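Dear colleague,

I am handing over the structure we spoke about, and I would be grateful if you could look it over before reading my notes.

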Amino acid sequence: MSTGSNIPQVRKLVTAIPGPKSQALMQRRSDAVSAALGMTIPVMVEKAGGGVIVDIDGNSIIDMGSGIAVVSVGNSADRVVKNVINQVQAFTHTCFMVAPYMGYIEVCEALNRLTPGTGKKKSALFNSGAEALENAVKIARRFTKREAVVVFEHGYHGRTNLTMAMTAKNMPYKDGFGPFTPEIYRMPMAYPFRWPGGAENCANEALDVVLHKIEKEIGVNRLAAIVIEPIQGEGGFIVPPKGFIAGLSKFCTDNGALFIADEVQTGFARTGVMFACEDEGVVPDLITTAKGIAGGLPLAAVTGRADVMDSVHAGGLGGTFGGSPIACAAALGAIATIEEEKLCDRALHLGKIMRESLLGMQKTYAIIGDVRGRGAMQAIELVLPGGIEPNSAALASIVKYCQVNGVLILSAGTYGNVIRLLPPLVMPENLLLDALEILNQGIAQAI
Ligand SMILES: *Cc1c(COP(=O)(O)O)cnc(C)c1O
């Protein structure tokens with residue numbers, strides 16, 4: 001398959017990481033940019049394509065993060081670049097609410113076609129994942145005429161005020177930023193590795209607890225929506241056991257509430273299907289998408305039941321830049337790439353390689369407590385040997401080792417002890433194997 005890039009697909013270090021040119025520019029970064037912005041790897045990027053990032057010192061680094069599950073079709077993918085160039089030359093902005101254009105409509109048509117469910121669906125476009133979540137909640141409250149929204153432990157939904165309330169983890173996302181919006185209720189998450197009653201009882205017990213709490217503490221008749229990531233992203237790739245998601249969805253259907261799948265991280269072929277909730281046999285009332293939707297351009301969407309989407313009064317949704325023509329052109333390029341290059345199959349293939357490799361490492365290294373994920377979204381949870389005590393010291397050491405050896409990997413998890421792998425789906429196999437070998441060495445030296 002094609003990576004859609006002419007950058008050589010190799011790991012190549014010509015200086016230390018970071019190299020001298022990157023190091024020299026980091027001072028300008030810290031002089032100009034707010035100290036509040038984090039940084040995973042201290043190199044300045046010059047170009048990127050396929051599965052590699054090239055820094056200004058000439059180092060070629062394997063990208064195991066895809067800019068947080070965004071460039072799944074590869075960086076600067078052919079069809080994305082071509083569409084964006086054509087669109088920028090035609091027009092850059094009119095505001096869809098002022099004067100419409102076909103790109104926006106075509107993206108909505110694609111989303112309505114690709115998301116689960118055969119019923120009539122409609123979409124609305126926004127700029128970021130958080131904005132999509134904000135709008136999904138607005139729509140759910142408007143449609144149900146109820147206010148309560150249920151979210152989960154370890155969940156992540158964004159950094160705006162409403163989505164901070166929905167996000168679980170205090171540090172760094174919420175600390176000192178309150179007060180937060182009311183009527184958001186957090187429920188226990190079906191987290192098999194840490195479920196007190198054991199992984200085999202997790203689905204049933206967790207569902208019982210959640211439904212009991214909704215009935216007794218919120219009141220079913222006040223519930224507007226349950227919002228959940230089918231596989232939690234920032235929370236550490238927590239995969240709820242089969243039955244949990246379906247049980248929540250059924251409860252919503254039975255009780256006049258909406259089931260909202262936050263597929264901002266899991267969407268667009270990442271887990272081996274177009275949307276992760278397909279694997280649960282669930283048709284959400286609304287789905288939020290962003291990250292992987294447009295090959296790196298900022299775009300987000302809410303897609304769902306036409307009667308729900310149309311229940312909002314005219315003018316009730318929108319925004320100046322939402323569904324920018326340039327981002328829409330990029331999305332059409334990215335979606336064409338996913339379909340024509342069969343990237344769902346590719347995600348399964350890369351996922352199998354990662355999973356076999358990680359399970360092998362788990363046999364060797366007692367600090368790997370859990371290997372989990374689906375498709376090209378795989379993670380390991382690091383623990384102190386013999387138990388489930390989080391091992392964040394090992395994580396820091398492994399991430400650092402990988403970086404200085406030219407592999408960029410991301411961390412995650414409430415306890416800061418999860419390594420998550422999110423390679424671009426076009427990554428060549430040998431590059432992925434090379435990255436996994438470096439990861440293996442990183443774990444070996446961390447013990
Ligand atoms: C990243 C993420 C968001 C927020 O998206 P932004 O574009 O960063 O606002 C929301 N939900 C999930 C599941 C995410 O992974």
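The helices and strands named in this message are DSSP runs numbered from the N terminus, where a helix (H or I) has at least four residues and a strand (E) at least two. Please also keep in mind that this is a predicted model.

Cys95 has a positive phi of about 75° although it is not a glycine, and with a relative accessible area of 7% Cys95 is buried, because buried means under 20%. Ser66 also has a positive phi, of about 55°, and is not a glycine either; Ser66 belongs to helix α2, which covers residues 66–69, and at 0% relative accessibility Ser66 counts as buried.

As for the peptide bonds, the one from Ile17 to Pro18 is cis, with omega near -5°, and Pro18 sits in the segment before α1 (20–32). A cis peptide bond also joins Met171 and Pro172, with omega about 5°, and here Pro172 lies in the loop between α6 (161–166) and β6 (184–187).

Turning to the ligand, which residues surround it? They are Ser128, Gly129, Ala130, Tyr156, His157, Gly158, Glu229, Asp262, Val264, Gln265 and Lys291, and by class this shell has 3 nonpolar, 5 polar and 3 charged residues. A backbone N or O atom of Ala130 lies 2.8 Å from an oxygen atom of the ligand, while a backbone N or O atom of Tyr156 lies 3.3 Å from a nitrogen atom of the ligand. In the case of Asp262, an N or O atom of the side chain is 2.7 Å from a ligand nitrogen atom. On its own the ligand has 380 Å² of accessible area, of which the protein covers 83%.

Gln265, one of the residues around the ligand, is found in the loop between β8 (258–262) and β9 (286–289). Gln265 is buried, with a relative accessible area of 6%, and its side chain makes a polar contact of 3.1 Å with the side chain of Glu234.

The elements that give two or more residues to the lining are α4 (102–114) and β4 (121–126), and β4 gives the most, with 6 residues. By class, the lining of the second largest pocket has 12 nonpolar, 8 polar and 4 charged residues.

Finally, Val151 lies in strand β5, residues 148–152, and is buried with a relative accessible area of 0%. Val151 and Pro298 are 147 residues apart in sequence and 25 Å apart in space, C-alpha to C-alpha.

With best wishes

Definitions and conventions: Residues numbered from 1 in each chain as written. Predicted model: local features only at pLDDT ≥ 70, side-chain atom pairs only at ≥ 80, totals over all residues. Heavy atoms only, no water. Near = heavy atom within 4 Å. Polar contact = N/O pair within 3.5 Å; in protein donor to acceptor, adjacent residues only side chain to side chain. Areas by Shrake-Rupley, 256 points an atom, 1.4 Å probe, with all protein chains shown as cover. Nonpolar A, V, L, I, M, F, W, Y, C, P; charged D, E, K, R; others polar. Buried < 20%, exposed > 50% of the residue type's maximum accessible area, 1.4 Å probe, protein only.
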